[in-house]
2 protein chains.
Amino acid sequence: MNRILAQLQPSEIKNLSLREREVLCEELRETIISTVSSCGGHLSSNLGVVELTVGLFTVFNFPDDKIVWDVGHQCYAYKLLSGRYKRFHTLRKKDGISGFPKRQESVFDSYNTGHAGNSVSAAIGLKKACELTGNPANVIAVIGDGSFNNGLIYEALNSLPIFNSKILIVLNDNNMSISPTVGATHELLSKSQEDNQKNIALIEQYGVQYMGNVNGNDLQEVTNALQEAKEKLQTSSVLLHIKTKKGAGYGFCEENPMQTHGVAPENAKQEQEYSKLLGEKMIELAQKDSSVVAVTAAMTDALGLREFFNRFPERSFDVGICEENAAVLCAGMAGGGLKPYYAIYSTFLQRAFDEIIHDICAQDLPVTFCIDRGGLSGSDGETHQGVFDLSYLSLIPNMTVAVPKDGEELKQMLELSLDYAHPLAIRYPRSAKHYFASQTKPEVGTFEYLTQKTNSPVTLLACGERAIAMAFSVRERTNVHFDIVNARYVKPLDSALLSAITSKHIVTLEDNASIGGLGSQINKFYQNSGKTVQNYAYADTFIPQGGIEELQREYGLNEREIADYILSL
Amino acid sequence: MNRILAQLQPSEIKNLSLREREVLCEELRETIISTVSSCGGHLSSNLGVVELTVGLFTVFNFPDDKIVWDVGHQCYAYKLLSGRYKRFHTLRKKDGISGFPKRQESVFDSYNTGHAGNSVSAAIGLKKACELTGNPANVIAVIGDGSFNNGLIYEALNSLPIFNSKILIVLNDNNMSISPTVGATHELLSKSQEDNQKNIALIEQYGVQYMGNVNGNDLQEVTNALQEAKEKLQTSSVLLHIKTKKGAGYGFCEENPMQTHGVAPENAKQEQEYSKLLGEKMIELAQKDSSVVAVTAAMTDALGLREFFNRFPERSFDVGICEENAAVLCAGMAGGGLKPYYAIYSTFLQRAFDEIIHDICAQDLPVTFCIDRGGLSGSDGETHQGVFDLSYLSLIPNMTVAVPKDGEELKQMLELSLDYAHPLAIRYPRSAKHYFASQTKPEVGTFEYLTQKTNSPVTLLACGERAIAMAFSVRERTNVHFDIVNARYVKPLDSALLSAITSKHIVTLEDNASIGGLGSQINKFYQNSGKTVQNYAYADTFIPQGGIEELQREYGLNEREIADYILSL
C-alpha cells in the first residue's frame with residue numbers, strides 16, 4: 001500500500017505519469033482518511049484539495065516557490081508530499097505533525113496560518129520580499145470561498161496595485177466554509193457557471209486576471225489550469241477559481257461535509273458539551289424575550305445554535321467568517337434596543353478586539369459574548385488555544401468577564417444576562433465534565449465558597465471548570481482541607497468576599513495565560529495586604545498541540561506542583 | 001451673524017427656502033471655521049459635508065431617523081443643526097461638545113464612532129433593531145471613500161442579504177482619506193465619472209441600488225438625490241455616491257486638504273514631535289539596511305514618514321485604512337527576509353490585534369511597530385486615548401514592548417531594532433518635550449537609573465516621557481530624593497535591576513490603563529517579596545476629551561496624590 005507515496009521525493013512528482021499521479025491521489029486520500037480516523041483532524045476539507053495539491057507540485061517547485069494556505073487545515077496532502085509522510089501518524093499529537101502549516105516543521109511551510117482571510121496579504125508580503133531580494137519565486141495563496149467573505153481579502157486585493165506584486169490566488173470554491181457559505185460574495189461566485197462575466201468583472205477590478213471555473217477534483221484539468229495560470233503570472237496576478245467537493249472521493253464525507261469538517265479520533269469519548277447547553281438555554285431565553293437575537297460567524301453548528309436558528313430564523317444571523325462585522329452588527333442591534341448574543345470560539349474573537357472596545361464597551365451596550373473553546377483547546381495547537389481571552393477582555397473598561405464553573409452555572413449566567421444592561425463575556429471550554437454543588441446564584445461580581453469555609457491558612461481561588469476540578473484534585477491529593485472559592489468573575493472581582501478571607505496564603509488557578517487574567521487582578525487586590533499570593537496559569541508562550549492534560553502539566557497548571565506548594569506552606 | 005443658525009430648530013430646516021438653506025450653509029461653514037480656529041479639530045472634512053448635512057435634515061426626520069457617521073469627525077454641521085449650536089464653542093474641551101458623535105451627548109447621535117469602516121455594519125444592526133421592534137425609521141450610514149477601503153465595509157455589504165434590511169449608504173467621495181486614498185477600490189470609484197457602469201456593477205452585486213455620482217457640494221442637487229434615495233429605499237438598500245471637495249468653501253483648505261484635515265488651536269505651541277524623529281531615523285536605517293521597509297495605514301504624513309516615502313518609494317507602502325492587512329503584509333515581508341516597520345497610532349493598532357498575535361508573534365517575525373499617540377491623546381476623547389496598548393501588547397508571547405523616555409531614546413531603540421530578530425513594539429506619545437540624561441543604551445530588557453542611585457527607601461519605576469517627567473516633578477515637589485528608574489521595557493522587565501533594588505517601597509507610574517501594563521508586571525515581580533508596591537496609572541474607564549494635564553490629574557496620574565503618598569512613607 002502507498003507504493004508511490006511512501007517513496008516519493010517532492011521533486012519527483014512532476015516526473016510521474018498522469019496515471020501514477022492519479023494513483024498518488026488515491027493513496028493520499030486513503031492515508032488522510034486512516035490518519036484522521038485515529039488522530040482526529042480536518043477531513044473533508046483535506047479530501048477536497050488532493051488533486052489541487054498534486055497539481056501544484058506538478059507545476060510549481062516547492063520549497064523554492066512559496067505557498068500560503070488560508071486557515072491552513074487543508075494542508076495534509078501538501079505535508080504528505082513534502083517529506084512528512086513517515087511522521088504523519090503523529091498528526092495533531094504532542095510533538096507530532098501539526099494540523100496546520102508550521103515554518104518550524106518544514107522549509108516547505110512558508111507561512112503559519114490558523115484563522116481565515118490573511119493568505120492574500122501574506123502572499124503579497126512574501127512576494128514583495130522575493131522581489132526586493134532578487135528571488136524569482138512564485139507565491140501562491142490557496143483560499144476557500146468561506147474565507148473569501150472575510151474583509152481582509154478585500155483589503156489585500158485593494159492593496160495589490162500598491163505593491164504591484166504578481167501572485168497566484170487559488171480560490172477553492174466548495175460552497176462551504178465550516179457551515180454553508182453565506183452572503184453576497186458567495187451568491188455571486190456560485191452563479192459563476194452561468195454568468196462568468198460577472199466574476200471576471202468582480203476580480204478584474206483589482207487588476208487580477210480571472211481564470212475559471214475549473215473542476216478542482218479533475219487532476220488533469222486542474223493541473224493544466226495551474227500551468228496556464230503560471231504563465232499568466234508573467235503579466236499580472238491571477239485568480240484561479242476552482243470548484244471542489246468538500247470530502248471528495250469519500251462518499252460519507254461528500255454527503256456530510258459539515259459533520260466531517262473536523263473529526264474526533266474514533267476512540268474519543270463523547271462528553272457533554274457546553275455548546276449543547278448554550279443552545280438549549282438560548283432557545284428558552286428567546287421564548288421569554290422577543291428582543292433576544294443570536295449572531296455567529298460561520299460556526300452555528302459547532303456553537304450549538306442550529307436548533308435556535310431553525311426555531312427563530314428572523315432573529316438568527318450567521319454572517320460568515322466576519323468576526324468584526326458580527327461584533328458591530330451586535331452593537332448596532334443593541335443600540336437599537338435588541339439583546340444580541342454573539343457566540344464564537346475564543347481565539348476567533350481576537351479578530352474583533354477593537355470593535356469590542358469601541359463599538360460595544362465604549363458605548364456600554366448590552367451585548368453578551370458566549371465564548372466557547374476558552375482555555376486550552378488541545379490538538380489544533382498554537383492558533384486555537386483560547387488562553388488570552390480573560391486577559392484581553394479584562395483590560396477593557398465596562399466589560400464584565402464571567403467564567404462559569406460548570407454547565408449549570410453557564411445556564412444561570414445566561415439567565416442573569418437577560419436583564420444585564422452592559423457588555424458581558426461568558427467564557428467556557430468545550431467539554432462539560434463536572435458538576436459542583438452550589439448554593440448561590442452567580443450574580444455579577446460574586447464569588448462563592450465551594451467547600452465548607454474553614455478559615456484555613458490557604459484559600460484557593462479558581463475560575464472555570466478545569467481550574468476548579470484541579471483545585472479539588474489537589475485538595476484530595478494533599479489531604480489539606482484548604483478553602484476553594486469559585487472565582488466566577490474575573491471582572492469585577494468579589495471584593496467583599498476577598499476582603500473577608502482570613503487565610504495568610506492565597507493561590508489562584510486559571511485556564512488562561514499568566515499575564516492579565518485572574519491572577520493579575522488578585523495580585524493587585526491583595527497588594528500590600530501582608531498575604532502571599534501564588535498564581536498558577538499558563539506560561540507566557542505559544543502553547544503547541546497536545547492533549548489538554550499533558551499540556552496543562554507542562555505549561556503551568558501542574559497538579560503535583562500546586563500540591564507541593566500547598567504542602568510547603 | 002448666524003441669523004438663521006442661531007435660532008433654528010432641527011425640524012424647521014425642511015421649511016426653509018432653498019436660498020435660506022444656502023445661507024444656512026454659509027453660516028455653518030463660518031461657525032465651523034471660527035470654532036476650529038480656537039478649539040482645534042477636524043476642519044476640511046467638516047467643510048466638505050455641509051450641504052450634505054443640510055440636505056439630510058431637509059429630507060429625513062432626525063432623531064426619529066438614525067444616522068451613523070463613519071469615523072465620525074465630520075459631524076460638526078450635524079451637531080450644529082441638532083441643538084448644539086450654543087454649546088459648540090466648547091468643542092473638544094473637557095466636559096464640552098465632542099468632536100465625534102456621542103449618544104450620551106444628544107438623542108440625535110445614534111451611534112458613537114471613532115475608527116473607520118464600521119458604519120455600514122452598525123447601520124444594518126440599527127435597522128434590524130427597528131424592524132424587529134416595529135419602528136419604521138430610516139437608517140443612514142455616511143462614509144468617506146477612505147473608509148471604503150476598509151475590509152469591514154465588504155463584510156457588511158456581504159451580510160446585507162442575510163439581514164435583508166434596507167439602509168441608505170452615502171459614500172462621500174472626496175478622493176482623500178487623511179492622505180490621498182489609495183488602492184484598487186479608489187481607482188475604480190474615481191473613474192466613475194467616465195465609467196459609471198463599473199460602479200453600478202460593483203455595488204449592485206450586493207443587491208444595493210447605486211445612485212451617482214452627485215455633486216455633494218451643490219445643495220439642490222444633493223438634496224434632490226437624497227429625496228430620490230429615500231424613495232428607492234422602499235425597494236432595497238441604496239448607495240448614494242456623492243463627490244465633495246474636502247475643505248469646500250474655504251480656499252486655503254481646498255488647496256491644503258491634508259494639512260487642514262486636523263487643525264491645532266491657533267494658540268497651540270509648536271513642540272518637537274516624535275513623528276519627526278521617527279522619520280529622520282527611519283531614513284538613516286533605510287540607507288544602512290536595504291531590507292528596511294515602511295508600512296502605514298493612511299497616516300504617512302502624521303507619522304512623519306512622508307520624506308521616507310519620497311526617498312524610498314519602492315520600500316514604502318501606504319495601504320489605506322486597512323490596519324489588519326498592513327500587519328499581515330508586514331508578517332509576509334518579514335517571513336520573506338525583509339525588515340518591516342509598521343508605523344501607526346496606538347488605538348488604530350487595536351484593529352490588528354489578532355494579526356499581531358497570529359501572523360507576527362506566533363511566527364516570531366521581526367516586525368517593528370512604531371506606535372505614535374501612545375498614552376492620552378487629549379481632545380479627540382475616548383476613542384483616541386492610546387491607553388490600552390501596553391496592556392494588550394504585553395499579554396502576547398514573543399512580543400517586546402519598549403517605551404522610550406525621550407526622543408533620543410526612540411532613536412536609539414530604532415537603531416537597536418535593526419538587529420533585533422523578534423516582534424518589537426516601540427510606543428511613544430505625540431510630543432517630545434523633555435530630554436533626560438542617560439548613561440546606557442536601551443538594550444532590550446534593560447532599565448536604567450535616571451538619578452544618582454541612593455538606595456533610598458522608595459524607588460519609582462516610570463515608563464515613558466510623561467511618567468518620567470512627572471516622577472521628576474514629584475521629586476522636586478516633595479524634596480524627597482527617591483530613586484527614579486527608567487522602566488523602558490514593559491516586557492521583558494529588567495529582572496537583574498529589579499532584584500537589586502533595596503528600597504522597601506516601590507512606586508510604578510505609567511501613561512496607560514491600570515489593568516495589564518507596567519504596574520501589573522511589577523506587582524507580579526515583587527509578589528511575596530516583602531516590598532510594598534503602589535501603582536499609578538489610568539482608572540479603568542473610557543477617558544473623555546480634555547487637556548492632557550487635566551485628564552492626568554483626574555484619571556489617575558495626579559502629581560499631588562503621588563507626592564502625598566511618597567511623603568506618607
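Reply: In chain A, 77% of the contacts with a separation of 6 or more join residues 24 or more positions apart. Contact here means that two C-beta atoms, placed from the backbone, lie within 7 Å. The model is predicted: local features need pLDDT of at least 70, side-chain atom pairs count only at pLDDT 80 or more, and totals for chains, interfaces and linings use all residues. Residues are numbered from 1 along each chain as its sequence is written, while chains are lettered from A and ligands numbered from 1 in written order.

Start with the chain itself. Chain A holds 22 helices and 19 strands (DSSP runs numbered from the N terminus: H or I of at least four residues, E of at least two). Its radius of gyration is 25 Å, close to the 25 Å from the globule rule for 569 residues, so chain A is as compact as a globular protein of that length. The radius is taken over C-alpha atoms, and the rule is 2.2 Å times the number of residues to the power 0.38. Along the principal axes, the C-alpha atoms of chain A fill a box of roughly 75 × 55 × 45 Å. Of the 569 residues in chain A, 62% are buried (20 or more other C-beta atoms within 10 Å of the residue's own, placed from the backbone; 12 or fewer is exposed, in between partly exposed).

The contact takes 89 residues from chain A and 90 from chain B. On the chain A side, helix α6 (residues 151–163) gives the most, with 12 residues. That side of chain A divides into 42 nonpolar, 35 polar and 12 charged residues. Ala, Val, Leu, Ile, Met, Phe, Trp, Tyr, Cys and Pro count as nonpolar; Asp, Glu, Lys and Arg as charged; the others, Gly among them, as polar.

Next, the sheets. Chain A has an open sheet of 7 strands, β9-β8-β10-β11-β13-β12-β17, with mixed pairing (strands pair at two or more DSSP bridges, that is, at least two). Its edge strands are β9 (316–318) and β17 (489–491) of chain A. Twist averages 20 degrees from one strand to the next. Inside it, β10 (339–345) and β11 (368–372) of chain A run parallel, joined by 5 bridges. A343(A) has C370(A) as its bridge partner in β11(A).

Chain B shows an open, parallel sheet of 5 strands, β2-β3-β4-β6-β5. Strands β2 (66–69) and β5 (209–215) of chain B are its edges. Parallel strands β2(B) and β3(B) (139–144) share 4 bridges, and I67(B) stands opposite I140(B) in β3(B). Helix α5 (119–132) of chain B lies across β2, β3 and β4 (168–173) of chain B, at about 180 degrees to β3(B). Helix α9 (219–232) of chain B lies across β4, β5 and β6 (238–243) of chain B, at about 170 degrees to β5(B). Axes are lines fitted to C-alpha atoms, for helices over the stretch in contact, and angles run from 0 to 180 degrees between N-to-C directions.
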